[in-house]
Number of protein chains: 4
Amino acid sequence: MSNTQVTLIQIDNYGPWTVTPEPRREADLQTLQSRLYADLAQLFGDREGYTFFARFDNMIAVSNGIDMAGHARIQESIRNRYPVTLSLSVATGETPATALSTASAQLQAAGSAQDARRQEILKGSPLSASDRRDDDVQIAHFDVNDATGKYTDELDAFATFIRIEQSYLELMRYLHDEHESLAFFVGGDNMIAVGADLDHDDYTRAVQHVDEVADVDLKVGVGAGETAQSAGMAAKHALETCRRNGTTVEGPIPVPQSD
Amino acid sequence: MSNTQVTLIQIDNYGPWTVTPEPRREADLQTLQSRLYADLAQLFGDREGYTFFARFDNMIAVSNGIDMAGHARIQESIRNRYPVTLSLSVATGETPATALSTASAQLQAAGSAQDARRQEILKGSPLSASDRRDDDVQIAHFDVNDATGKYTDELDAFATFIRIEQSYLELMRYLHDEHESLAFFVGGDNMIAVGADLDHDDYTRAVQHVDEVADVDLKVGVGAGETAQSAGMAAKHALETCRRNGTTVEGPIPVPQSD
Amino acid sequence: MSNTQVTLIQIDNYGPWTVTPEPRREADLQTLQSRLYADLAQLFGDREGYTFFARFDNMIAVSNGIDMAGHARIQESIRNRYPVTLSLSVATGETPATALSTASAQLQAAGSAQDARRQEILKGSPLSASDRRDDDVQIAHFDVNDATGKYTDELDAFATFIRIEQSYLELMRYLHDEHESLAFFVGGDNMIAVGADLDHDDYTRAVQHVDEVADVDLKVGVGAGETAQSAGMAAKHALETCRRNGTTVEGPIPVPQSD
Amino acid sequence: MSNTQVTLIQIDNYGPWTVTPEPRREADLQTLQSRLYADLAQLFGDREGYTFFARFDNMIAVSNGIDMAGHARIQESIRNRYPVTLSLSVATGETPATALSTASAQLQAAGSAQDARRQEILKGSPLSASDRRDDDVQIAHFDVNDATGKYTDELDAFATFIRIEQSYLELMRYLHDEHESLAFFVGGDNMIAVGADLDHDDYTRAVQHVDEVADVDLKVGVGAGETAQSAGMAAKHALETCRRNGTTVEGPIPVPQSD
């Protein structure tokens, strides 16, 4: 049974800030957002978490193993270096989707995302050490079969981009609606899902669904671990096995038992 | 008549690099990609261009006003500071889509995106100074009506994210298929399109289409200019007018004539 | 008795890289160096360490509490994101200077800093958990009395800069020669020393020495702790006490005993 | 006759900010400062300028060719992305030192560096296009002879660091007092001076002075140009000639005449 800890990361009152007193240059906003995300990827990643950019003003981290002091430190580091601040809401659940729902509700209860007085909320409760197990997190790493040969080197760049976006939208909806799981586009032809204990057949069906609806062939490696980093690295190795063996789904890889 | 100059930016042989000799940590890859994008946003932005992250390994810039020496300087700056290199392909066209098609074909002719020997391609031809006019670029800046009130503060974060992604996919496909224009998600509830001389009614129909198919209400400000930056800033001001007046489409704003 | 753990950080074969195949643009080298340092400040800082830029190609961290796995992770993160790699050498000693001597000798034994085959050395041994105590690190935070009023707002910027540099050189030499301690300029009018158990009178004499030789008035707050971060934050608070009370030396502050 | 345009860059009210409401973590301040410098190195460098970190809260750029609009754009970009703002003061003069004195006086006249109400000053006048010539800037690039063999690979890291600092202090004082020129340490064993039309013998004597007083052997390549970038790149090539030929001073290289 998975036990995902999720952190919802929201830039405080960001929309109004981007147009006050006048609309700010887009190049600067893009730089600000992507560097802020890069720093969060490092700050959570250094603590074995995965961070997804999602909408950039609302980001999502898988934060198993990171306590509230760690979250407070991340919040402080951003406050000390950026012109904006962050609110963080932490929750756990048997599925990633329910965890994120709880995290969302906690933050909404504290006030609107565009309320200038709602700043640096830090709410929620992380998994206690005694509740953590070495398969709490399931990560599935997808990519598109021969994306370079079939798309990047053949179609024009925007046609390829549309195909990738379409396949991502189908995957994110399917995994969310059928399996309460959260899928994210992470660049190139890669998508990473935080899964709710899906098995091999579940992933086979997900890949088939995307093929039928969006006509894009995916493959996927699946791993589990105590943290996003260990589960994700197992998933990456499983995906390399797909590539070597020509298989579509590898994993979930059982976690090696320590005793 | 628009005259968009587009630059296709491709990280050389990136996919293989991410798994050689072993898969690299996802947190580091995310940091690398988003900082590389942030630097390109500044390097093109400093020269009045707009850069879109798209798939991160294939990015797209609107580069009117930037000559080949400027592109070579951008390529050099990245080579000097990153473990990866970039190929750049520059093209123009009466529509953004045809410009990008030409840029794509030029790069594909130079070799595969995953050919280790194809490095730092720099191809294409920018607009000559004599062909430039002060309405060469049309930028449309969209956002979602009351996204915070209707979605961010109400739905859970992933449900909101799916809605935004869905509306973006519909908008990108519609503008591409109907108008040879290129739309990009830029964070929050914002999408920016590089347009091929669409008029007020064209934008009204695009907004209606997204409303019908994805049930998301957009509004849009449209501007034109000699560069992406001047067109984009006019679009931002037009969008503020929408917000103040409760209108759905403002613009295209005619370019002020200098004499 | 202090027990400082020091990490010598050296960019591998950096000099030759900066001029191969041709001299690289200075603006890019400056950006590369200062961002690499910024990332190390975060990576060590996130683990309660302090990092000093020193010569930028040879940096020095106070790394009490960071084990070899942590160092390896820092090395990996830089390798994944920069065009250069790092060698790290870790050592401990009763004085910071002897620790750094040991770290230097370990790295020199592995080959020359400009040997292209000597890459990513990781050597040394951190303090074992059982040897750590809550006053292992002594940090002294100096600044110049009324630097803004007496210098920045009065002299021209370079004359001020010469004064600050001169006072720093005197401080670094005095503390190194008399007390086997390591002082670093950290920006503005601030200098931070990693001390070898100096007492209140030692710091008073150090301040007097700088006043006599360089005619610059310093004040200093001194703290101790299990890590650079805890010692350094105590030192900052002590320096604020100097500012409030008009005193020249505050501390060393005894560490609160946990039992 | 040189004609250096200098920009004094000052972080507004920075000292008080670093301790308000409580002292901020040193790791975050170091990251903030060095990234801010890295961005300025790019923003000025992209416009052919050189930027020196100096005290980090007071930085100095050689900005020939950058007009007030360019300076305003740099100021805006930082304001949009950092929690601090910058004041910029631009001046020219026959010697770099007199230019910087003028720039300092202009900024001091606008208020104290620690006055919270003095924000984003932008003052001064750049060289008019008609006054610019292709040898306005003289750059001298110094390094230490065999620094790796004699110091880095032999002495402990701090002893080497003291030697480099000492040689830098002597060089900066000598060039400032004797030649109204500005020398900066730029990392490794490199120092860059912005010169006031020194000739070959002047540089020979400067090198001799440092050898006598600090017992450190320097060599230097000197270039001239319309901008810091062109002068600096000529200087780097001249320094490579020193390295190849075993000479101590190469240059000043006369600027190639365009007709």
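Select chains A and B together: across their interface the rule finds six salt bridges, a salt bridge being a side-chain nitrogen of Lys or Arg within 4 Å of a carboxyl oxygen of Asp or Glu. The model is predicted, so local features need pLDDT of at least 70 and side-chain atom pairs count only at pLDDT 80 or more, while totals for chains, interfaces and linings use all residues. Residues are numbered from 1 along each chain as its sequence is written, chains are lettered from A and ligands numbered from 1 in the order in which they are written, and side-chain values use heavy atoms, with hydrogens and water left out.

**The interface of chains B and A**

Zoom to B:Glu48 and A:Arg25, a salt-bridged pair whose closest N and O atoms are 3.4 Å apart. Next, colour the side of chain B that touches chain A by element: its largest share, 15 residues, comes from helix 2 of chain B. Helices (H or I, at least four residues) and strands (E, at least two) are DSSP runs, numbered from the N terminus.

With both sides displayed, 73 residues of chain B are in contact with 73 residues of chain A, where contact means heavy atoms within 4.5 Å. About 6200 Å² is buried between chain B and chain A, and carbon and sulfur atoms give 59% of that area; buried area is the accessible area (1.4 Å probe) that two parts lose on being put together, summed over both.

Superpose chain B on chain A: a turn of 180° and a shift of 0.0 Å along the axis give an RMSD of 0.0 Å. Such copies are superposed by least squares on the C-alpha atoms of residues with pLDDT of at least 70 in both. Because 100% of the interface residues of chain B are also interface residues in chain A, the copies meet through the same surface.

**B:His141**

Select B:His141, in strand 6 (residues 137-144) of chain B. B:His141 is buried, at a relative accessible area of 4%; buried means under 20% relative accessible area, exposed over 50%, and partly exposed in between (1.4 Å probe, protein chains only). Leaving aside neighbours within four places in sequence, the contacts of B:His141 include A:Glu26, B:Lys219 and B:Leu239.

**Helix 4 of chain B**

Move to helix 4 (residues 96-109) of chain B, which has 14 residues. Among its buried residues are B:Pro96, B:Leu100 and B:Leu107. Beyond the helix, select B:Gly111, whose phi is positive, near 130°.

**Salt bridges within chain A**

Show A:Arg118 and A:Asp12, a salt bridge with its closest N and O atoms 3.1 Å apart. A:Arg118 lies in the loop between helix 4 and strand 5 (122-124) of chain A and A:Asp12 in the loop between strand 1 (4-11) and helix 1 (14-18) of chain A, so the pair ties together parts that are 106 residues apart in sequence. Both A:Arg118 and A:Asp12 are buried.

Then select A:Asp39 and A:Arg81, whose salt bridge has its closest N and O atoms 2.9 Å apart. A:Asp39 is in helix 2 (residues 26-45) of chain A and A:Arg81 in the loop between helix 3 (68-79) and strand 4 (86-93) of chain A, 42 residues apart.

**Chains C and D**

Finally, display C:Glu48 and D:Arg25, whose side chains meet in a salt bridge (3.3 Å, N to O). C:Glu48 is partly exposed, at 28% relative accessibility, whereas D:Arg25 is buried, at 8%.

Note on methods: The expected span of a helix is 1.5 Å times one less than its number of residues.
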